[in-house]
Amino acid sequence: MGIELDIRPMKDWLPQLDNPLLISGPCSLETEEQTLETAHQLAKDKRVFVFRGGVWKPRTRPGSFEGVGSIGLKWLQQVKKETGLPVGTEVANAQHTEEALNAGLDVLWIGARSTASPFVVQEIADVVKGTDAVIMVKNPVNPDVQLWMGALERLNQAGIKNLVGIHRGFTPFRETKYRNYPNWKTFIELRRLLPNLPVICDPSHIAGKREYLQEVSQKAFDMGMEGLMIESHRDPSCALSDKEQQITPAELGKLLDKLIIRQASSDNKQFENQLELMRNRIDALDAELMEVLSSRMEIAREIGRYKKENNVTALQINRWTELMNNRINLGEKLNLNRTFVQILFQLIHEDSVRMQTEIMDKD
């Protein structure tokens, strides 16, 4: 069951919003000139609603460019004055938050590392309590939806109603195509748990390379997200941080031109009627699947009792290997995704072994 946080629609704090929310700007503010030139170029595209810029940039290891610090807040103030765009930056602790609020920034967001620490989130929540701040929360570095949701709840309990989630992907434990593994199912679970929370995607941090930005952005809209945060720099080749994932404002415009924005529903009655028919078929098939799974598990219980009587182990690795290979091959013949079949039968087998060991442990 999902819960309803007390959250305002984005349109309440951004009245000019007439498209999906697009936040753009450099990964890091480097100079006042770079900041203002990038902002003025972005402001020409009316699809950009908020200018972003990293001021404090703590890196994984010391020695890299870690941001210009508080002086960057003045540059953001100048951007707002000259372009009219709302401005925002990332805050990683209570001091950052106080400085950003005092500077009159419109949007603050909590980064993935900070979201992973309830202590840090609570300190930030204590600072913004009693304000009308707009706070965005990136997912934690690991796909822990409860941790992500907990950060949003802490802020909401502090009275923050202008909340947005940012899906920026998760630290991979192996080499992957993208910089951060999207793990879209974690976003789906967050949406199920917090159905009224707006969520936008950060394709820059998922992709890690500019050539993948288009496909990740389109996937985000296909999944029903409400907007994007894309890093843009006047000259990415000279960027002091994350140069590979940034694009110029002109390139951003071309990317946006190609995107197809999906709607949550349709006014086409024929479409809705046909969709309902197909969903009913899905429901019927799911009921059959559950009945088949129930029958399969009952046979697994019988096998467990039989193994116990004959003093045989629950796990039979040769049988398991043979079964998995057989199911994967059959799945491919039936046009089923190999990874899907592998995960499905892994779960089924694990539960079968669990039931059989419980039977064996009973007196």
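**Entry 1: the rule.** I began with a definition. A salt bridge is a side-chain nitrogen of Lys or Arg within 4 Å of a carboxyl oxygen of Asp or Glu. I also noted that this model is predicted. By the rule, I get a count of 19 salt bridges.

**Entry 2: a buried pair.** I looked up Asp 202 and Lys 138. Their side chains form a salt bridge, 2.8 Å from N to O. Asp 202 sits in the loop between strand 7 (199-201) and helix 9 (203-207), and Lys 138 sits in strand 5 (residues 134-138), so the bridge ties together parts 64 residues apart in sequence. Are the two residues buried or exposed? I found that Asp 202 and Lys 138 are both buried.

**Entry 3: loop to loop.** Next I checked Asp 242 and Arg 179. They form a salt bridge, with the closest N and O atoms 3.3 Å apart. I traced Asp 242 to the loop between strand 8 (227-231) and helix 11 (249-258). Arg 179 is in the loop between strand 6 (162-167) and helix 8 (184-193). The pair therefore ties together parts that are 63 residues apart in sequence. Asp 242 counts as buried, at 14% relative accessibility. Arg 179 is partly exposed, at 36%.

Entry 4: Then I looked at Glu 189 and Arg 192. The closest N and O atoms of this salt bridge are 2.6 Å apart. Both residues lie in helix 8, three residues apart, or about one turn of the helix. Glu 189 is partly exposed at 28% relative accessibility. Arg 192 is also partly exposed, at 43%.

**Entry 5: helices 6 and 7.** I turned to packing. Helix 6 (residues 118-128) packs on helix 7 (residues 145-157) at about 20°, with the axes 9 Å apart. That angle makes the two helices roughly parallel. Their crossing is right-handed. Pro 118, Val 121, Gln 122, Ala 125 and Val 128 of helix 6 meet Leu 147, Ala 151, Arg 154 and Leu 155 of helix 7. I sorted these contact residues into seven nonpolar, one polar and one charged.

**Entry 6: helices 2 and 3.** Helix 2 (residues 32-43) and helix 3 (residues 71-83) cross at roughly 35°, and their axes come within 10 Å. This crossing is right-handed. The helix 2 side of the contact includes Leu 36 and His 40, and the helix 3 side includes Trp 75 and Val 79. Here I have five nonpolar, four polar and two charged residues.

Terms used: Residues numbered from 1 in each chain as written. Predicted model: local features only at pLDDT ≥ 70, side-chain atom pairs only at ≥ 80, totals over all residues. Heavy atoms only, no water. Axes fitted to C-alpha atoms, helices over the stretch in contact; angles between N-to-C directions. Helix = DSSP H or I, 4+ residues; strand = E, 2+ residues; numbered from the N terminus. Parallel < 35°, antiparallel > 145°, perpendicular 65-115°, else oblique. Left-handed = near helix turned anticlockwise from the far one by under 90°. Contact = heavy atoms within 4.5 Å. Nonpolar A, V, L, I, M, F, W, Y, C, P; charged D, E, K, R; others polar. Buried < 20%, exposed > 50% of the residue type's maximum accessible area, 1.4 Å probe, protein only.
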